[in-house]
Amino acid sequence: MRELYLPLLTLHIGAGVTSLLTLVPPLVARKGGAWHRRVGLAFVAAMAVTAVSGLVIAGLWIAVPLAIKPPPSPEQAAAQIAGMRQFGCFLAYLGVLILQAVTSGMRAVAVGRRRAAHGALVDRAMAVFVLGTGAALAIAGICQGSVLMIVFGAIGSHGGWHDLRYHLRPQTERRAWLVRHLESMLGAVIAALTAFSVFNVSRLFGAVLPADLAFLPWVLPTLIGVPAARAWKARYTRGGA
């Protein structure tokens with residue numbers, strides 16, 4: 001199993017690094033320009049690979065945790081299985097959010113260019129899926145007593161509900177597609193940075209973080225990213241694009 005897992009993990013890390021390297025240029029480049037489109041497409045492709053490979057990795061963590069990471073001792077097997085499966089649920093949901101966000105962002109551009117219809121069935125289906133999986137994660141968190149699962153599930157469900165309302169209502173604003181594109185891509189960035197923070201910040205600084213602050217790598221990207229995304233979106237929706 002590790003013969004499959006290690007190349008998959010390498011692909012996941014490589015795509016994640018590529019998405020981080022291609023993150024800034026589309027944000028600062030002229031919207032709609034060649035640099036924005038080309039680097040933006042590279043960012044979307046890298047994010048899609050990151051999300052899909054992350055979903056497969058999460059599935060392995062949930063289905064065969066001990067084959068991926070054998071426990072130090074038989075006595076620790078049960079605790080390790082529970083921890084890896086819980087973490088796998090988080091990783092899987094982040095993968096869902098990233099994949100939905102980049103897809104939604106690209107479809108918003110297609111709507112803006114009259115290449116796709118607003119509120120298409122596929123868009124509504126994605127919104128319902130995010131809503132449902134978020135609710136499932138929150139319910140699982142309630143059952144397991146995990147505050148993080150409850151919080152992330154609630155945030156995801158709210159996002160899915162927001163998306164569903166958007167797709168069910170006619171959009172008369174000329175720049176509605178642009179707002180949608182910005183919201184989706186910035187949402188994908190926050191989800192990706194959350195995964196990066198959890199994997200790397202926790203490993204690098206986990207030993208020095210007090211136990212009551214161990215949740216910070218999970219929530220810091222959202223606490224910083226959401227206000228920053230709103231400010232960035234306002235900059236362009238006021239006519240600065």
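Helix axes in these legends are lines fitted to C-alpha atoms, over the stretch in contact, and angles run from 0 to 180 degrees between N-to-C directions. Helices (H or I, at least four residues) are DSSP runs, numbered from the N terminus. The model is predicted: local features need pLDDT of at least 70, side-chain atom pairs count only at pLDDT 80 or more, and totals for chains, interfaces and linings use all residues. Residues are numbered from 1 along each chain as its sequence is written, and side-chain values use heavy atoms, with hydrogens and water left out.

**View 1. Helix H5 packs against helix H7 at an angle of about 20°.** Start with H5 (residues 77-112) and H7 (residues 147-168), whose axes are 11 Å apart. The two helices are therefore roughly parallel to each other (angles under 35 degrees count as roughly parallel, over 145 as roughly antiparallel, 65 to 115 as roughly perpendicular and the rest as oblique). Their crossing is left-handed, meaning that the near helix is turned anticlockwise from the far one by less than a right angle. On the H5 side, look for Gln86, Cys89, Phe90, Tyr93 and Gln100, which meet Leu148, Met149, Phe152, Gly153, Gly156, Ser157 and Asp163 in H7; contact means heavy atoms within 4.5 Å. By class, this contact has 6 nonpolar, 5 polar and 1 charged residues (Ala, Val, Leu, Ile, Met, Phe, Trp, Tyr, Cys and Pro count as nonpolar, Asp, Glu, Lys and Arg as charged, and the others, Gly among them, as polar).

**View 2. Helix H6 (residues 121-144) packs against H7 at an angle of about 160°.** Here the axes are 7 Å apart. That angle makes H6 roughly antiparallel to H7. The crossing of H6 and H7 is left-handed. The residues of this contact divide into 16 nonpolar, 8 polar and 3 charged.

**View 3. H5 and H6 cross at roughly 160°.** Their axes come within 11 Å. This makes H5 roughly antiparallel to H6, and the crossing is left-handed. From H5, the residues Gln86, Cys89, Tyr93, Val96, Leu97, Gln100, Thr103 and Arg107 take part. Their partners in H6 are Val122, Asp123, Met126, Phe129, Val130, Thr133, Gly134, Leu137 and Gln144. Sorted by class, the contact of H5 with H6 has 9 nonpolar, 6 polar and 2 charged residues.

**View 4. Arg114 sits in the loop between H5 and H6.** Take a look at the backbone here: Arg114 has a positive phi of about 65° although it is not a glycine. For context, most residues other than glycine have a negative phi. At 77% relative accessibility, Arg114 counts as exposed (buried means under 20% relative accessible area, exposed over 50%, partly exposed in between, with a 1.4 Å probe and protein chains only).

**View 5. Thr50 is a buried residue of helix H3 (residues 34-63).** Its relative accessibility is 10%. A polar atom of the Thr50 side chain lies 2.7 Å from the backbone oxygen of Ala46; a polar contact is a pair of N or O atoms within 3.5 Å, where, within protein, one must be able to donate a hydrogen and the other to accept it, and residues adjacent in sequence count only if both atoms are side-chain atoms. Not counting residues up to four places away in sequence, Thr50 touches His12, Ala15, Gly16 and Ser19.

**View 6. His36 in helix H3 and Lys31 in the loop between helix H2 (24-28) and H3.** His36 is buried, with a relative accessible area of 15%. A polar atom of its side chain lies 2.9 Å from the backbone oxygen of Pro26. Leaving aside neighbours within four places in sequence, His36 is in contact with Pro26, Ala29, Arg30, Lys31 and His181. Lys31 also counts as buried, at 18% relative accessibility. The C-alpha atoms of Lys31 and Leu178 are 9.8 Å apart, while 147 residues separate the two in sequence.

**View 7. Met185 lies in helix H8 (residues 176-205).** Met185 is buried, with a relative accessible area of 12%. Its touching residues, not counting those up to four places away in sequence, are Phe43, Val44, Val102, Gly105 and Met106. The C-alpha atoms of Met185 and Thr103 are separated by 9.0 Å, with the pair 82 residues apart along the chain.
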